[in-house]
Amino acid sequence: MTHPSEQISAYLDGELHGKELNGLLEHLSGCGRCSAEMEEIQNVRAAVRSLPVLELPDGVVPDADAAVLPMRRNRGLWVGAAAAMVALVIAVAAIVTPPPTAVSVDDLSSRFGARVSLDPAFSPAKVVVPELNVVSE
Amino acid sequence: MRKLVALVTAIVVIPASVATAADLDELLERSHEASYSAEQIISCNTPDGLRDAVVRLAQDGVDIWIGSTASGDVEVAAGSGGWTLLRGGDTVSSASVGTGERADDPLYSVEDEAAFLFLGRSATTYNLVRDGVLRAKLAFDQETGAMVNVTTFLEDGTAYCQRRFISFDSAAPDLASVTPIEGETLRQLEGVPTTLPEAIAGFDRLDLYLDDDGSTFAYYSDGFFSFAVFETPTTVSLPDGIAVQVGESVYERSFTAGQATYVWETRVGGMALVGDLPPDLHESVLAALPESEAPGLLRRLWRSLFG
């Protein structure tokens with residue numbers, strides 16, 4: 001025999017009608033276990049309802065409803081605005097941030113120096129070492 | 001008797017006649033293979049102010065060691081297509097090229113040979129003339145062939161750079177302890193399409209190289225001055241560079257003692273010019289290269305995100 005626990009909850013919530021309601025009532029009249037279960041659920045619900053209602057002090061959740069409800073109503077607008085903001089930040093970063101540098105002037109000078117060293121004119125006339133330079137003020 | 005005196009005077013006073021470009025090759029070749037130790041002062045009057053340096057040199061044949069007199073931890077070993085910059089004994093940067101072409105027909109003539117004493121030693125000076133303009137005065141030590149004094153000039157006759165030995169020892173230095181050239185040899189490209197011209201303002205493109213980072217560079221020479229033009233996939237940073245307008249375009253520029261560097265952006269990447277050519281030639285050279293142009297927004301966005 002199956003015991004209709006879900007139908008008991010639905011019955012207590014007032015959601016059972018017609019044949020289902022009649023079937024449950026007929027079952028409860030002959031099933032002590034289900035009757036006891038229904039009585040237990042009714043007692044728990046009564047105990048919860050008897051708990052005192054506490055009022056939150058003002059300022060604990062300021063204007064929560066006012067803030068949340070408009071966001072829900074304008075959800076698409078906010079998502080669009082956020083996407084636009086992200087795109088704007090990336091674009092500005094792309095403009096302001098210098099591109100990554102792969103080659104340093106030291107490397108270029110070395111390549112030039114290597115090639116110059118093959119040149120017949122390579123001699124003290126061609127020697128350049130930037131790091132050795134003393135710049136006059 | 002008066003005719004004889006006049007003839008003798010003429011022989012003594014009148015400088016040697018104009019020599020050929022081949023003579024310049026011989027002079028430079030002998031200097032390129034000299035052996036000595038020296039201290040050299042370099043002083044250049046650039047458009048951005050005076051740049052000067054004092055360096056120690058040791059040359060043994062085609063190998064040169066360069067060190068600082070002010071800071072002992074920076075040195076360079078160079079020669080035979082290699083260049084290594086060291087700081088505190090550690091390699092900062094290095095490069096190597098296997099082979100290189102020579103300028104076929106230098107534009108210079110050698111004029112007005114004269115003998116004199118330099119640092120108490122016999123030396124000979126030559127004027128280097130290009131297209132009728134004095135571009136350099138070269139002084140060579142007669143015994144070793146070393147180039148002991150060089151002054152380069154702008155087109156208007158103003159001195160641009162002087163490189164002068166202030167001490168000289170003709171004994172061959174011991175370069176056995178010099179750090180060997182490091183780094184991979186750059187590949188020379190032949191027959192590859194490039195945006196870099198074959199000749200610019202009298203400078204011939206002698207060769208073109210490809211580096212592992214995807215950048216290429218071309219080497220240009222007129223037989224004495226030379227420069228390299230680099231094309232890189234990304235931009236080049238130039239510490240201490242200043243923005244200058246040359247011709248119609250804006251560049252970042254930096255001068256050191258004897259070397260000018262320009263960097264700029266193009267639509268497809270970065271470019272740089274490094275060389276010792278005098279400043280009055282910069283505009284005509286830069287005008288012949290891909291122009292400075294800021295990349296579009298999408299390109300900059302792409303570079304920022306993905307390099």
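Reply: Helix 1 (residues 5-12) of chain A packs against helix 3 (residues 32-49) of chain A at an angle of about 45°, and their axes are 10 Å apart. Axes here are lines fitted to C-alpha atoms, for helices over the stretch in contact, and angles run from 0 to 180 degrees between N-to-C directions. Helices (H or I, at least four residues) and strands (E, at least two) are DSSP runs, numbered from the N terminus. The model is predicted: local features need pLDDT of at least 70, side-chain atom pairs count only at pLDDT 80 or more, and totals for chains, interfaces and linings use all residues. Residues are numbered from 1 along each chain as its sequence is written, while chains are lettered from A and ligands numbered from 1 in the order in which they are written.

Helix 1 of chain A and helix 3 of chain A are therefore oblique to each other. The classes are: under 35 degrees roughly parallel, over 145 roughly antiparallel, 65 to 115 roughly perpendicular, and the rest oblique. The crossing of helix 1 of chain A past helix 3 of chain A is right-handed. That label applies if the near helix is turned clockwise from the far one by less than a right angle, and left-handed if anticlockwise.

Now the contact. Helix 1 of chain A supplies A:Ser5, A:Ile8, A:Ser9 and A:Leu12. Helix 3 of chain A supplies A:Cys34, A:Glu37, A:Met38, A:Ile41 and A:Gln42. Two residues are in contact if their C-beta atoms, placed from the backbone, lie within 7 Å. An α-helix has 3.6 residues a turn, so residues three or four places apart point the same way. The contact residues divide into five nonpolar, three polar and one charged. Nonpolar covers Ala, Val, Leu, Ile, Met, Phe, Trp, Tyr, Cys and Pro; charged covers Asp, Glu, Lys and Arg; the others, Gly among them, are polar.

Next, helix 3 of chain A itself. Its 18 residues should span 26 Å at 1.5 Å a residue, and the end C-alpha atoms are 26 Å apart, which agrees. The expected span is 1.5 Å times one less than the number of residues. The number buried among these 18 residues is zero, so helix 3 of chain A lies largely in the open. Buried means 20 or more other C-beta atoms within 10 Å of a residue's own, exposed 12 or fewer, and partly exposed in between, with C-beta atoms placed from the backbone.

Across chain A, buried residues make up 22% of the 137 residues.
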